[in-house]
Amino acid sequence: QFTVGVLALQGAVSEHLQQIEKLGAKAVAVKNCAQLNEIDAIVLPGGESTAIGKLMRNSGFIDAIRDFSQQEKPIFGTCAGMILLAKHIEGGEPSHLGLMDIVVQRNAFGRQVESFQASLSVQDWDQPFPAVFIRAPYITRFNESAVEKLAEFEGNVVLAKQGHLLACAFHPELTADLRIMRLFLEMIKSGCR
Ligand code: GLN
């Protein structure tokens, strides 16, 4: 049985924990760096990336999660979590973890667009995924030889994978559909770590 952590500094934590447990893995709310030694993979939840980034910097998580990634342990960033993973943020704002070879635009659907739901077609899946976007970012550019595009919405990439890293612009934990979390758990099982 795998143990999957959810970074619990700020943001949508409990819904991720519930999805992980529904899929039969052990879920842990990660509040300090030492807990990284007890988990096989980590989810970086949605929330506010500037706030989470600051908390991560203050508590040593930036270096600790970079080290975690160095061991090829899977990391899944959703929404703000995707921004935390990105190598670059449009507009010149400094990056946070800078692990994934993507460039992201924050609040990319316009600040006035609070939230919306879209039916997303995901590569290799028969049924569309009900994606909930909340002040969401999207990927504007990515390294095509390293990053695999798994879904786009209106021409913008919103779900992508790079080796042991998975990122999505929306909130899969806010729907009853467990397929994206299952995809992440499969990455852990298949040993890309
Ligand atoms: N707009 C937020 C940010 O830039 C992300 C929103 C979210 O995680 N739902 O950090």
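G47 sits in the loop that joins strand 3 to helix 2 (49-58). The model described here is predicted.

**Annotated binding site**

- In an unreviewed entry, UniProt lists G47, E48, S49, R106, I134 and R135 under "binding site". These residues span 89 residues in sequence, but no two of their C-alpha atoms are more than 12.8 Å apart, so they gather at one spot.
- G47 counts as buried because it has 22 C-beta neighbours inside 10 Å, where 20 or more are needed. Not counting residues up to four places away in sequence, G47 touches Q10, G11, A12, I52 and A80.
- S49 is placed in helix 2. S49 has 27 C-beta neighbours inside 10 Å and therefore counts as buried.
- The contacts of S49, not counting residues up to four places away in sequence, are A80, I83, L84, H96 and R106.

**Shell around the ligand**

- The residues around the ligand are G46, G47, E48, S49, C79, A80, I83, R106, N107, I134, R135 and P137.
- By type, this shell divides into five nonpolar, four polar and three charged residues.

**Annotated active site**

- The "active site" annotation in UniProt (unreviewed entry) covers C79, H171 and E173. They span 95 residues in sequence, yet no two of their C-alpha atoms are more than 11.0 Å apart, so they gather at one spot.
- C79 is found in the loop between strand 4 and helix 4 (80-85). With 29 C-beta neighbours inside 10 Å, C79 counts as buried.
- Leaving aside neighbours within four places in sequence, C79 is in contact with G46, I134, A136, P137, A169, F170 and H171.
- E173 lies in the loop between strand 12 and helix 5. E173 is buried, with 24 other C-beta atoms within 10 Å.
- Neighbours within four places in sequence aside, the contacts of E173 are A12, E15, H16, Q19 and T78.

**Helix 1**

- H16, L17, Q19 and I20 are the buried residues of helix 1 (residues 14-22). Seen down the helix axis, they fall within an arc of 165°, so they line one face of helix 1.
- What covers these buried residues includes strand 1 (3-7), strand 2 (26-30), strand 3 (41-44) and helix 5 (179-189).
- G24 follows helix 1 and has a positive phi, near 90°.

**Helix 5**

- The residues I180, M181, F184, L185 and M187 of helix 5 are buried. Their arc around the axis is only 150°, which puts them on the same side of helix 5.
- E186 and K189, on the other side of helix 5, are exposed.
- The cover over the buried residues of helix 5 includes helix 1, strand 4 (75-78), strand 8 (129-134) and strand 12 (165-168).
- Just after helix 5 comes G191, with a positive phi of about 75°.

**Nonpolar core**

- The largest nonpolar core has 62 residues, of which M82, L85, I102, V158, A160, A167 and A169 touch the most other members.
- Not counting residues up to four places away in sequence, A160 touches I102, I139, F142, V147, E148, K149, L150 and A167.

Notes. Residues numbered from 1 in each chain as written. Predicted model: local features only at pLDDT ≥ 70, side-chain atom pairs only at ≥ 80, totals over all residues. Near = placed C-beta within 6 Å. Nonpolar A, V, L, I, M, F, W, Y, C, P; charged D, E, K, R; others polar. Buried ≥ 20, exposed ≤ 12 C-beta atoms within 10 Å, placed from the backbone. Helix = DSSP H or I, 4+ residues; strand = E, 2+ residues; numbered from the N terminus. Arc of directions from axis to C-beta. Contact = placed C-beta atoms within 7 Å. Core = buried A, V, L, I, M, F, W, Y, C linked by C-beta atoms within 7 Å. UniProt positions renumbered as here; feature names shortened; annotations may be inferred.
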